[in-house]
Amino acid sequence: MGRHYIGIEQMDYIKTITVERLKKVIAGEQGGISKAVDWNGGGSFVFCELAELNQKYADKIQSCKTEEEITALTEEIKNSDYISTHVIPSQINTQIQEYKDLSLEEKKQFAMEILDKNMLYINASDMEDKSFNVNDADKSFTKSFYSKLSK
């Protein structure tokens, strides 16, 4: 069809639905718009995932099963570089009764609130920072991807 595009998914079904649908379109499957435009298949796609940063914390928060786990994780976030700039770490106290009275779900929500959502993934501009441990292959691919976008 002569199209070039970037598709972005945030949901977990990317591998089970979106990638599988793209494979079928390339193979010439006649679902969706393919039949109407007389699509016979062909083409290619590249599937990539962003390098996680704070997303790892978000996933850990959701997987906490006990109040002890979420409290320890909240303390870890509080003492990390990944806390929101809108939060004053010294004002977070997981030992006060008000925090202790929260349910597990409320504690998870609190932990998510203090997490910096602007750092869920490593920015392309930060990939040379050695502390993020981005491997050379990922750096090379990212640079090639962005150079194609600028043409």
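Student: Why are α3 and α5 called roughly parallel to each other?
Tutor: Helix α3 (residues 67–78) and helix α5 (residues 104–114) pack at an angle of about 15 degrees. Angles under 35 degrees count as roughly parallel, over 145 as roughly antiparallel, 65 to 115 as roughly perpendicular and the rest as oblique. So α3 and α5 are roughly parallel. Their axes are 10 Å apart. Axes are lines fitted to C-alpha atoms, for helices over the stretch in contact, and angles between N-to-C directions run from 0 to 180 degrees. This is a predicted model: local features need pLDDT of at least 70, side-chain atom pairs need 80 or more, and totals for chains, interfaces and linings use all residues. Residues are numbered from 1 along each chain as its sequence is written, and side-chain values use heavy atoms, without hydrogens and water.

Student: Which residues make the contact of α3 and α5?
Tutor: From α3 come Glu67, Ile70, Thr71, Thr74, Ile77 and Lys78. From α5 come Leu104, Lys107, Lys108, Phe110, Ala111 and Ile114. Contact means heavy atoms within 4.5 Å. The residues divide into six nonpolar, two polar and four charged. Ala, Val, Leu, Ile, Met, Phe, Trp, Tyr, Cys and Pro count as nonpolar, Asp, Glu, Lys and Arg as charged, and the others, Gly among them, as polar.

Student: What makes α2 and α3 roughly antiparallel to each other?
Tutor: Their axes cross at roughly 160 degrees and come within 10 Å. That angle is over 145, so the pair counts as roughly antiparallel. Tyr57, Lys60 and Ile61 of α2 touch Ile70, Leu73, Glu76 and Ile77 of α3. Five of these residues are nonpolar, none polar and two charged.

Student: How do you know that α2 is roughly antiparallel to α5?
Tutor: Their axes cross at roughly 170 degrees and come within 9 Å. The angle is again over 145, so α2 is roughly antiparallel to α5. Here Ala58, Ile61 and Gln62 in α2 meet Lys108, Ala111 and Met112 in α5. The contact has four nonpolar residues, one polar and one charged.

Student: What makes α2 a helix in the DSSP sense?
Tutor: A helix is a DSSP run of H or I, at least four residues, numbered from the N terminus. Helix α2 covers residues 55–63.

Student: Which helix gives the most to the lining of the second largest pocket?
Tutor: Helix α2 does, with three residues. The lining has 14 residues, of which Glu52, Leu53, Lys56, Ile122 and Phe132 lie nearest the pocket's centre. By class, seven are nonpolar, three polar and four charged.

How values were computed. Helix = DSSP H or I, 4+ residues; strand = E, 2+ residues; numbered from the N terminus. 1 Å grid on protein atoms, 1.4 Å probe; cavity = no way out; pocket = protein on both sides within 12 Å on 5 of 7 lines; lining within 4 Å.
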